[in-house]
Amino acid sequence: MNHQNLEKAGWKHCPTFGRTEIFTVEHSLPHDRFDTFLRSRFPSISRGTLQRLIAEGHIRVNGEKVKATHHPRSGETISIFWPEAKIPEAQPEKIPLDILFEDDDLLVLNKPPGLVVHPAAGNEQHTLVNALLHHCAGNLSGIGGVARPGIVHRLDKDTSGCLVVAKNDFAHQSLAKQFAGRSVEKIYHAIVCGELTKTSGEIRGAIARHATQRKKMAVVPVGKGREARTSFRVLEKLRGATLVEATIHTGRTHQIRVHFQHLGFPVLGDTTYGAKQSKRCEELTNLVAPRQMLHSHRLGFVHPRAGKKQSFEAPHPNDFATAMQRLKGG
């Protein structure tokens with residue numbers, strides 16, 4: 001769409017770069033917020049990003065700025081300008097990457113523990129994004145915005161293992177759709193506190209922000225949070241702990257950590273969700289876990305361009321392997 005047409009749609013100060021998408025609302029949604037409606041239409045874009053684009057005027061209704069609380073009405077024309085990815089304030093850094101696979105569309109990494117995925121307050125430098133900007137020389141998808149180029153999903157700072165990065169928007173959209181559709185295989189290994197008696201099981205519990213501790217998540221009654229499901233099987237019983245394989249069928253924040261705390265067997269070394277149990281395990285075994293013992297062991301998805309299922313596995317990092325050996329008595 002040319003600049004003149006954009007002006008007719010209400011974009012009098014349209015940025016030179018980027019792309020614009022225009023569509024019409026088919027049905028009135030008097031009970032739905034505008035940001036919620038957009039989130040359902042664009043599942044690869046976070047609600048926070050959509051709210052920011054609305055506030056900045058990049059998303060308009062009938063050419064006018066609206067609030068995120070606006071209720072979509074039938075016949076309204078929605079204009080969305082997707083800003084082109086820019087070099088974030090954090091510059092490229094030559095940080096070593098453990099690459100499991102790479103081609104023109106994506107790369108799969110074995111993220112080490114302690115590495116933050118993207119810049120944020122308090123972590124503006126030395127992140128995975130800094131490393132990617134150097135390694136990929138700017139060839140990363142722009143859908144995640146300037147702070148998260150190439151980032152389709154994330155792992156917590158202290159969680160290690162498989163993570164996929166998109167090099168272009170085509171790959172990003174395909175992968176995001178697979179994550180949203182729950183077709184991505186996501187298998188983790190975790191050392192949890194205590195000795196599980198069950199050899200396998202499933203944890204179902206809706207997850208929402210903790211009522212009083214806003215940096216934490218919690219299992220809440222049905223209808224109060226978002227559905228979450230984790231299945232698991234015991235791989236090995238250890239001294240005062242258990243090695244489990246956990247498959248997450250949904251992708252909620254801190255899902256495995258919250259679910260195993262809810263089960264009564266929090267992840268070893270998790271000071272947020274299992275400090276007391278980790279302390280008891282430390283007293284029993286004399287092992288001080290350096291971080292939460294959670295590792296993204298296997299990641300499987302359909303390659304966006306080849307159309308074939310691919311699966312990748314990341315070996316346990318040294319600290320995880322050492323903890324295992326210590327808890328075996330070796």
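Where in the chain does pLDDT stay under 50, and how many contacts beyond four places in sequence does the model have there? I began with this because the model is a predicted one, and where pLDDT is low, the predicted coordinates should not be read in detail. I found that the stretch is residues 1–17, for which the model has 25 contacts beyond four places in sequence.

Next I turned to helix α2, residues 34–41, and looked up its buried residues, which include F34, D35, F37 and L38. Seen down the axis of α2, the buried residues fall within an arc of 160 degrees, so they line one face of the helix. I then checked what these buried residues pack against, and listed β1 (19–24), α3 (47–55), β2 (59–61) and β4 (77–82).

My last entry concerns strand β13, residues 241–248, where 7 of the 8 residues are buried, so the strand is largely enclosed by the rest of the structure. I looked up its pairings and found that strand β8, residues 185–193, pairs with β13 in the antiparallel sense over 7 bridges, and that A190 has V244 of β13 as its bridge partner. Strand β12, residues 229–238, also pairs with β13 in the antiparallel sense, over 8 bridges, and here I noted K237 standing opposite T242 of β13. Between β12 and β13 the hairpin has 2 residues, and in this hairpin G240 takes a positive phi near 70 degrees.

Note on methods
Residues numbered from 1 in each chain as written. Predicted model: local features only at pLDDT ≥ 70, side-chain atom pairs only at ≥ 80, totals over all residues. Heavy atoms only, no water. Buried < 20%, exposed > 50% of the residue type's maximum accessible area, 1.4 Å probe, protein only. Helix = DSSP H or I, 4+ residues; strand = E, 2+ residues; numbered from the N terminus. Pairing = 2+ DSSP bridges. Arc of directions from axis to C-beta. Contact = heavy atoms within 4.5 Å. pLDDT = per-residue confidence, 0-100.
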